[in-house]
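Below is a short briefing on one structure, grouped by topic. Please read it alongside the model.

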Amino acid sequence: MKFSSLGKISRPLNPPATLPYILTNPEQNDILLPMKNVLGSWNKIGKGLLNLVYPLECQICKIELGPFKESCLCNECKGRIRLNLPPFCLKCGKSLINSTYTNAYCQDCMRTTYHFRRAWATGHYQGILKDCIHLFKFNGKLCLLPAFTELFLNFTKLYIKINEFDAIIPVPLHKTKIRERTFNQAELLANDFSRRNGIPVYADNLIKAKHTPPQTELSKEGRASNIKGAFKITDSSFLKGKNILLMDDVFTTGYTLNECAKILLEGGAGSVACLVLARG
Ligand SMILES: [Zn+2]
Ligand SMILES: [Zn+2]
């Protein structure tokens, strides 16, 4: 039986509508986005013509980008992103390239037990990548999405057997947070990545049921208890024995990913691995 017939995909695989946010926050958004959302699948010629009238600019260095560009990050700035390079810690994905430690795990992972099988991160949470993630997440610069998808595609081509995964699940946000932000950045990342590799996204089966203060506002100790019990599964019928790729934007302490992995495994998932843009 095909996996896609085992459970309901409770949300279409397209990115969720971002129009309300764009209309209410015009200053913070790429001017092209409302039209892109209304028309859905733009063809490249249409985009190029529109870019002639409203040229995209690189969100970092502000140079004007030519027509037919989908991403608002120029090649030079993209090239300055500090990529995560192997060898990786076999658990949390941290690069061990400058480590004198010869173990396969970083020092943190020698002391921590995670529920997920392993995690991967495409880059380091600093410099341009950190700035881009902030612009995307907090300023609604969704035109950075193609650059993030490119990072995922380049990374997975080199280091991950992506076909071993049956489904992608984005780390959910609480509905209050979605109302505030109007989108879940992890879901946008997952949907765009899925569009390029064909692995289905199950976005509504894992939900964040408890509204919690942002992890960044808490001490390391507070973060674990803050997130405990925050997630739940609404429909576990599709999970049984499946290999899940859990996606998020950033891995900092790993508590959020770990709690999601725990719930997914309790719900019957065969294994859970994590993929994020940046490792803090
Ligand atoms: Zn630039
Ligand atoms: Zn590690």
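Lys62 sits in the loop between helix H3 (44-53) and H4. This is a predicted model, in which local features need pLDDT of at least 70, side-chain atom pairs count only at pLDDT 80 or more, and totals for chains, interfaces and linings use all residues. Residues are numbered from 1 along each chain as its sequence is written, and chains are lettered from A and ligands numbered from 1 in the order in which they are written. Helices are DSSP runs (H or I, at least four residues) numbered from the N terminus.

**Backbone in loops**
- Most residues other than glycine have a negative phi, and most peptide bonds are trans.
- Lys62 has a positive phi, near 70°, and is exposed, with 9 other C-beta atoms within 10 Å (exposed means 12 or fewer, buried 20 or more, partly exposed in between, with C-beta atoms placed from the backbone).
- Thr182, in the loop between helix H8 (175-181) and helix H9 (185-197), also has phi near 70°.
- Thr182 is partly exposed, with 17 other C-beta atoms within 10 Å.
- Pro86 and Pro87 are joined by a cis peptide bond with omega about 5°; Pro87 is in the loop between helix H4 (75-79) and helix H5 (107-111).

- Not counting residues up to four places away in sequence, Leu264 touches Ile169, Leu206, Leu239, Ile244, Ala269 and Val272 (contact means C-beta atoms, placed from the backbone, within 7 Å).

Terms used: Contact = placed C-beta atoms within 7 Å. Helix = DSSP H or I, 4+ residues; strand = E, 2+ residues; numbered from the N terminus.
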